[in-house]
Amino acid sequence: MAKILIIEDDPLIQKMYAEKLAREGYEVDTASDGEIGISKIQAFLPDLVIVDIMMPKKNGIEVINYIKTQENLANTKIIVLSNLSENPDIEKAKSLGVNEYLTKSDIDPEDVSETVKKQFSN
Amino acid sequence: MGVFEFDTIPKYYEDIVDIAPIGIITFDYLENILIINQQMAFYLNSSPKELVGKNIKAVLGYLNPEILIIIDAVKNKTSIFKEFFSLKFKDKEQFFNIKGSVLPEQGLLIFENVTSIKEYQDQLKSLDQSKDEFISIASHDLRTPITAIRGYLDMVLKEEVGVIATPKMKEYLELARSGSLRLNDLVQDILSVSRIEQKRMRFNLKNVELEPVIENLVKQTQIEAQQKNVNLEFIYPKSKLPLVQIDQNRFTEVLANLIGNALKFTPRGSVIIKTILRNDHVRIDCIDTGIGIAFDKQKQVFKKFFQLDSSTSSQNKGTGLGLYICKMITEKMGGRIGVSSAPQKGSDFFFTIPISGTPLAKRTLEIIQQEAQNHVDQK
């Protein structure tokens, strides 16, 4: 089954999506900031990363930048999950080439699971 | 010489100059003070008698060296006006609007004390800042827990982690979820309002073909209409509309809001969307056969926090901000919004948008670009 890494600093949100996706059968790991996230990426080698933008230590943009510059992660899919619908960071994330962009306040866990499913069916 | 010979000027003119609650100084081209009134002498903690004949640069220069530039400008026969000019008096700094004018054979400086205005302005700025901070707390710190509440309730209600034991439990969980959805909308709407009011909402105006935009939205909303057994339809214009100048997302937000309201207040019948081509704009109508709005309420519906109190159950109560946001967005895009309605018959909510290339469209684009630029400058 596909491996998913969720990088999200809010424990409630992180647990919500992690357990949802685990129930759907994915192998899920979590990280609570960008720095831990980056270190886990190389160890876990996920097929898909769900990443928040505003996070302590290293933010989501830095994580995306890292993934995009690693040759062995060229096929890693990225879903951005942010709280800010109007931040210039969003434009930055889009310009770096992420697969999907979701705004937390507009979605339910079900939407996340649908979006993930779509990534693997393409 | 002017109209008055020096000798013929009535004595009380001097009194007027003295009594005026602004500082007045005149000086000749050797920089000697000719006239200085009581108020100005008071600012300088001295008296007119002591100051007349003294060098004006020596008298004023220590308060702020830049005042020498003003004096020289007037000496060179240039009028000058400086706002909120700082003068550092012994006890405290004060702010003045300074006007320098050229009179025959002398220069005139007028000092208007605006320290209290400056203080109010600073207070307002700091209040505005704390409001911004509060809004940003609302944005991050309120939204995240709401998202969690909604999400967990959703998973429990879908019985992903076990069966809900009693119908009452299910009912209460559903009520909790609908409450969390309302809270979510409210926070979102408050953020939208604050973004618009602070001119931080960005508008990406493009020349757009309108028909497909409306058609797509109507298609997306079709399920909701069918669930309510209401006929939702877009009457396609007979001849192709010219391109319109809109931010497509914002336009969709407005129309979605109007359709959403129409569906909410239409128990049976239909919601029809149609367009009318006018001189320099297109008008979009959203016409329903719903409960309608009493005439005296019609003007109020676009006001902030207005709610139709009547029989609306608390469950589908809105935030009272939707139509206000629609009005703000429409006006930003260079249009107008309105309603005509008859109680028990239905409502026609309509708004207009500029046709690309018209003077209306160009003017709107200029204003939006100016606001975006101001926003960049502030940063």
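**View 1. I273(B) and its bridge partner in chain B.** In strand β10(B), I273(B) has C286(B) as its bridge partner. The two strands here are β9 (residues 269–277) and β10 (residues 281–288) of chain B, which pair in the antiparallel sense over 7 bridges. Strands (E, at least two residues) and helices (H or I, at least four) are DSSP runs, numbered from the N terminus. Two strands pair if DSSP finds at least two bridges between them. This is a predicted model: local features need pLDDT of at least 70, side-chain atom pairs count only at pLDDT 80 or more, and totals for chains, interfaces and linings use all residues. Residues are numbered from 1 along each chain as its sequence is written, while chains are lettered from A and ligands numbered from 1 in the order in which they are written.

**View 2. The mixed sheet of chain B.** Five strands form an open sheet in the order β7-β9-β10-β12-β11 (chain B), with mixed pairing. β7 (230–235) and β11 (337–342) of chain B stand at the edges with a single partner strand each, so one side of each has no neighbour in the sheet. The twist averages 15 degrees from one strand to the next. Two helices lie across strands of this sheet. Helix α9 (residues 248–264) of chain B lies across β7, β9, β10 and β12 (346–354) of chain B, at about 20 degrees to β10(B). Axes are lines fitted to C-alpha atoms, for helices over the stretch in contact, and angles run from 0 to 180 degrees between N-to-C directions.

**View 3. The largest nonpolar core.** This core has 39 residues, and those with the most contacts inside it are V254(B), L255(B), L258(B), C286(B) and C326(B). A nonpolar core is a set of buried Ala, Val, Leu, Ile, Met, Phe, Trp, Tyr and Cys residues joined through C-beta atoms within 7 Å. A residue is buried if 20 or more other C-beta atoms lie within 10 Å of its own, exposed if 12 or fewer, and partly exposed in between; C-beta atoms are placed from the backbone. V254(B) touches C326(B), I329(B), T330(B) and F351(B), leaving aside residues up to four places away in sequence. Contact means that the C-beta atoms of two residues, placed from the backbone, lie within 7 Å. A second, separate core of 27 residues includes I13(A), M16(A), I78(A) and V116(A).

**View 4. The antiparallel sheet of chain B.** Here 5 strands form an open sheet in the order β2-β1-β5-β4-β3 (chain B), and the pairing is antiparallel. β2 (33–36) and β3 (80–88) of chain B stand at the edges, each with a single partner strand, so one side of each is left without a neighbour in the sheet. The twist averages 25 degrees from one strand to the next. Strands β1 (residues 23–27) and β5 (residues 106–113) of chain B pair over 5 bridges. In β5(B), L108(B) is the bridge partner of T26(B).

View 5. I35(B) sits in strand β2 of chain B. Is I35(B) buried or partly exposed? I35(B) counts as partly exposed, because it has 17 C-beta neighbours inside 10 Å. I35(B) touches V17(B), I24(B), I25(B) and T26(B), not counting residues up to four places away in sequence.
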